[in-house]
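Here is a short report for a reader new to this structure. Please look over the sequence and the model first, then read on.

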Amino acid sequence: RVLFDDGTSTVTCGEHLWAVRGRNEREYYGSRSLWKLMSTEELRQHGVKRSNGLGKYLSRKWEIPTTAPVMYPYQPLPLDPYTLGAWLGDGHADAPWVTTADEEVIVQIHRAGFVPHVLPSGPTGAAKRYYIPGLRPRLRQLSLLGVPTYQKAVPAVYKYNLPALRHALLSGLLDTDGSIDKAGVITFTSTSQILAADVAWLTRSLGGKASSLRERTPWYSKSVGTRHNGRLAYTVRLTLPPGCCPFMIERKRQRCRQTLQEGHLTRWIESIESLEPTEVRCITVGH
């Protein structure tokens, strides 16, 4: 099992070839340093950690390439991705409602062809509950209506689609259940473990980096003013490539990093662990 610094892992064999770049070469040559092929067993023999010069801590030794946004073929969608993301983030599980304190979210939904209007029975305070006519049948078509909040998930047709559509979906999710601090660190929190994992998947599919899920309990939503029955909440930390700001809300966009050090997107091998032998299917590629 090869484990990476963002918490992801893969199971492979000792002969599998990896494109890697050593930390020593990177420090000397920078991004101009060349990639080399090494097998899993060679990496383990060389070790995956080295001294960082302070004598007290060890640094990760091997970097793997950063992916470009993954290209999947276009698939028609029953609902525009931003509106779906906003509903997944702040929508009512049984109704075509979205509760938000940010009118910019509603402006984006309106641009998608809907005409939301405020419900008088919504929460008090800055947040308002908006009814979105025409949303119910589309949510039903996606088999999302009535799914408990803690089981919400991104339908596969939205995940395996064009990068621009995945980006719009991520924008809807982060405009509602995402945050960004003054340092430009983006986080997403949800009571749905599946949805939090989907956000990490979307980020990685767009060439970004996402941390493994962290649990938080209990979770309290200040904007809506409700405690989610003491359920666990799941948080992921996201880093997106420069020029790929995922927010449509202006106050959040202003905090997006205009420049980003290459190392913030780099993934490093954390460890290589032996597993019990098992049968696997090998593949070959033409080049």
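## Helix H7

Helix H7 covers residues 163-177. Its 15 residues, at 1.5 Å a residue, should span 21 Å, and the end C-alpha atoms lie 21 Å apart, so the two values agree. The model is a predicted one.

Eleven of the 15 residues of H7 are buried, so the helix is largely enclosed by the rest of the structure. The buried residues are Pro-163, Arg-166, Leu-169, Leu-170, Ser-171, Gly-172, Leu-173, Leu-174, Asp-175, Thr-176 and Asp-177.

## The protein as a whole

The protein has nine helices and 18 strands. It has 287 residues, and buried residues make up 42% of them.

Contacts across the sequence can also be counted. Take the contacts between residues at least 6 apart in sequence: 67% of them join residues at least 24 apart.

Pro-81 belongs to helix H3. Is Pro-81 buried or exposed? Pro-81 is buried, because its relative accessible area is 10% and buried means under 20%.

Which residues does Pro-81 touch, leaving aside its neighbours within four places in sequence? Its contacts are Tyr-158, Leu-165, Ala-168 and Leu-169. Leu-169 is one of the buried residues of H7. Pro-81 and Ala-168 are 87 residues apart in sequence, yet their C-alpha atoms are 5.7 Å apart in space.

## H3 against H4

Helix H3 (residues 81-90) packs with helix H4 (residues 103-111) at an angle of about 140 degrees, and their axes are 9 Å apart. That angle makes H3 oblique to H4. The crossing of H3 past H4 is left-handed.

Both helices supply residues where they meet. From H3 come Tyr-82, Thr-83 and Ala-86. From H4 come Val-105, Gln-108 and Ile-109.

## Strand E12 and its two partners

Strand E12 spans residues 186-190. Five of its five residues are buried, so E12 is largely enclosed by the rest of the structure. In a regular strand, side chains alternate between the two faces of the sheet. In E12, Ile-186, Phe-188 and Ser-190 point one way. Thr-187 and Thr-189 point the other way. Residues pointing either way are buried.

E12 pairs with strand E11 (residues 178-180) through three bridges, and the two run antiparallel. Here Ser-179 stands opposite Thr-187. E11 and E12 form a hairpin with five residues between them. In the turn, Gly-184 has a positive phi of about 90 degrees. E12 also pairs with strand E17 (residues 233-239), again antiparallel, over five bridges. What is the bridge partner of Thr-187 in E17? That partner is Arg-237.

## A six-stranded open sheet

Six strands form an open sheet in the order E2-E1-E18-E7-E3-E4, with antiparallel pairing. Why is one side of E2 and of E4 left without a neighbour in the sheet? Strand E2 (9-10) and strand E4 (36-39) stand at the edges with a single partner strand each, so one side of each has no neighbour in the sheet.

Within this sheet, strand E3 (residues 17-22) pairs with strand E7 (residues 62-64) in the antiparallel sense. Two bridges join them. Gly-22 stands opposite Trp-62 in E7.

Definitions and conventions. Residues numbered from 1 in each chain as written. Predicted model: local features only at pLDDT ≥ 70, side-chain atom pairs only at ≥ 80, totals over all residues. Heavy atoms only, no water. Buried < 20%, exposed > 50% of the residue type's maximum accessible area, 1.4 Å probe, protein only. Helix = DSSP H or I, 4+ residues; strand = E, 2+ residues; numbered from the N terminus. Pairing = 2+ DSSP bridges. Expected span 1.5 Å × (residues − 1). Axes fitted to C-alpha atoms, helices over the stretch in contact; angles between N-to-C directions. Parallel < 35°, antiparallel > 145°, perpendicular 65-115°, else oblique. Left-handed = near helix turned anticlockwise from the far one by under 90°. Contact = heavy atoms within 4.5 Å.
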